[in-house]
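Let's take a friendly walk through this fold together. Keep the sequence and the 3D view open beside you as you read.

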Amino acid sequence: MGGRRLVLTLDRETEALLYWASSATASPLWTLSPDAAREEYRRTLAKTEIVPPEIAEVADVTVSSPAARMRLRKYVSKDAGRAGGAAILFIHGGGCVLGDIDSHDILCRALCHDTRAMVFSLDYRLAPEHPFPAAVEDSVAALSWLSHEVDAFGLDAKRIAIAGDSAGGGLAAVALHETKGHLAAPVCAQVLIYPALDLRGRLPSRRDLADHFPIPQDMIQWFFGHYFGAAWPIADPRAIPLLYQDYTGLPPALIITAGHDPLRDEGAEYAEVLEAAGVPVEYECSEGTIHGFMNMGRVLRKAHGHARRRIATWLVEHLQVREAQQGRTG
């Protein structure tokens with residue numbers, strides 16, 4: 001996968017979005033307190049998200065874990081009976097400081113609608129109130145819980161996928177490593193959307209796009225400062241999944257990055273590492289757009305056009321939804 005040349009030209013919709021962002025009067029998030037930044041983040045998403053598709057049911061579930069009580073939001077499609085018991089654990093982005101199950105509610109509704117799988121969105125603990133490794137602990141606990149509680153939801157332990165965006169993509173990757181060999185059945189697929197995988201900032205995109213909206217270097221440093229504190233764990237694979245020693249046995253992966261994203265090269269490198277370990281990988285870079293575009297479907301058609309279809313089609317295939325449907329109707 002190495003050697004790809006990316007065309008670093010913004011598409012017209014992204015150009016318009018960046019013009020709007022540059023003229024906005026709101027203070028940059030990294031100049032705000034975590035609580036104020038969370039409020040501003042919610043207001044921004046409300047301006048860029050799509051109208052959600054209709055699904056059958058949305059309900060919150062409370063789960064006890066060794067570290068804390070967790071909340072997950074369950075999404076059930078109108079066509080859930082045709083999914084063969086498939087489920088997706090989704091872990092939201094936001095630098096482990098921003099975001100929650102409400103900020104990514106529409107994305108999860110779309111994921112449920114498009115795949116027919118039952119989706120569980122994790123409301124993990126946020127920093128600085130709960131610094132590293134709290135988000136990791138919750139992600140690991142949630143994946144283990146879902147794997148072992150499938151009967152309670154009429155699910156199939158062999159049809160569980162995990163997905164996440166940005167920091168949530170990194171947490172999803174870590175959860176797979178940390179639970180390997182400890183689940184009721186191996187996870188069958190992983191979708192990492194512009195994942196945050198390497199806090200060291202050593203790859204070209206982190207330098208070349210250091211001033212790029214919506215996560216310039218100041219924003220990334222703000223995230224890391226709140227999540228990791230003064231002593232960054234630069235030798236801990238739970239903070240840098242690219243430091244794990246063994247990638248064999250991990251599930252097939254779809255990794256999507258954005259061309260104008262400082263995190264772009266982390267996703268590309270992780271795809272190469274998985275591929276070298278024999279893990280089936282499909283990697284795609286949305287070259288004309290930016291980090292976070294999946295939450296910008298109202299202003300970026302690419303988010304809920306090609307990318308949304310790509311993720312849903314890939315997950316349906318790897319969750320064997322079509323095969324299950326044929327078996328139930330035949």
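In which sense do strand β3 and strand β5 pair, and over how many bridges? Strand β3 (residues 87-91) and strand β5 (residues 160-165) are paired in the parallel sense, and five bridges hold that pairing. Please keep in mind throughout that this is a predicted model.

## The sheet as a whole

Strands β3 and β5 belong to an open sheet of eight strands with mixed pairing, and its order reads β1-β2-β4-β3-β5-β6-β7-β8. At the edges you will find β1 (57-64) and β8 (281-290), each of which pairs on one side only. On average, neighbouring strands of this sheet are turned by 20 degrees against each other, direction ignored.

L192 has I255 as its bridge partner in β7, while I193 stands opposite I256 in β7.

Strands β7 and β8 pair in the parallel sense over seven bridges, with T257 standing opposite C285 in β8. The chain goes from β7 through α8 to β8 in a β-α-β crossover that is right-handed. Helix α8 packs on the sheet and touches β6 (189-193), β7 and β8. Its direction makes about 150 degrees with that of β7.

## Strands that are covered

How many residues of β6 are buried? Five of the five are, so β6 is largely enclosed by the rest of the structure. In a regular strand, side chains alternate between the two faces of the sheet. Both faces of β6 are covered: A189, V191 and I193 are buried on one side, and Q190 and L192 are buried on the other. Strand β7 is mostly covered too, with eight of its eight residues buried.

The loop between β7 and α8 holds D261. Is D261 buried or exposed? With a relative accessible area of 0%, D261 is buried. Leaving aside neighbours within four places in sequence, D261 is in contact with Y194, S205, L209, I215 and H291. For a sense of scale, the C-alpha atoms of D261 and A87 are separated by 29 Å, and these two residues lie 174 residues apart along the chain.

## Nonpolar cores

The largest nonpolar core has 72 residues, and those with the most contacts inside it are L89, F120, L143, I162, Y227, Y270 and L274. Taking L143 as an example, and not counting residues up to four places away in sequence, its contacts are L89, I160, I162, A175, L176, T179, L183 and V187. A second, separate core has 34 residues, including Y75, I88, V191 and L319.

## Aromatic pairs

How many aromatic pairs does a search of the whole structure find? The search finds eleven. In one of them, the rings of Y247 and Y270 have centres 5.9 Å apart and planes at 75 degrees, so this pair is edge-to-face. The pair links distant parts of the chain, 23 residues apart: Y247 sits in the loop between α7 (217-228) and β7 (253-260), and Y270 sits in helix α8 (residues 264-276). Both Y247 and Y270 are buried.

Elsewhere in your view, look for F132, F224, Y227, F228 and W232, which ring pairs link into a cluster.

Methods: Residues are numbered from 1 along each chain as its sequence is written. This is a predicted model: local features need pLDDT of at least 70, side-chain atom pairs count only at pLDDT 80 or more; totals for chains, interfaces and linings use all residues. Side-chain values use heavy atoms; hydrogens and water are left out. Rings of Phe, Tyr and Trp (its six-membered ring) pair if their centres lie within 6.5 Å; planes under 30 degrees apart count as stacked, over 60 as edge-to-face and the rest as tilted. Helices (H or I, at least four residues) and strands (E, at least two) are DSSP runs, numbered from the N terminus. Buried means under 20% relative accessible area, exposed over 50%, partly exposed in between (1.4 Å probe, protein chains only). Two strands pair if DSSP finds at least two bridges between them. Axes are lines fitted to C-alpha atoms, for helices over the stretch in contact, and angles run from 0 to 180 degrees between N-to-C directions. Contact means heavy atoms within 4.5 Å. A nonpolar core is a set of buried Ala, Val, Leu, Ile, Met, Phe, Trp, Tyr and Cys residues joined through side-chain atoms within 4.5 Å. A crossover is right-handed if, with the strands pointing away from the viewer, the path from the first strand over the helix to the second runs clockwise.
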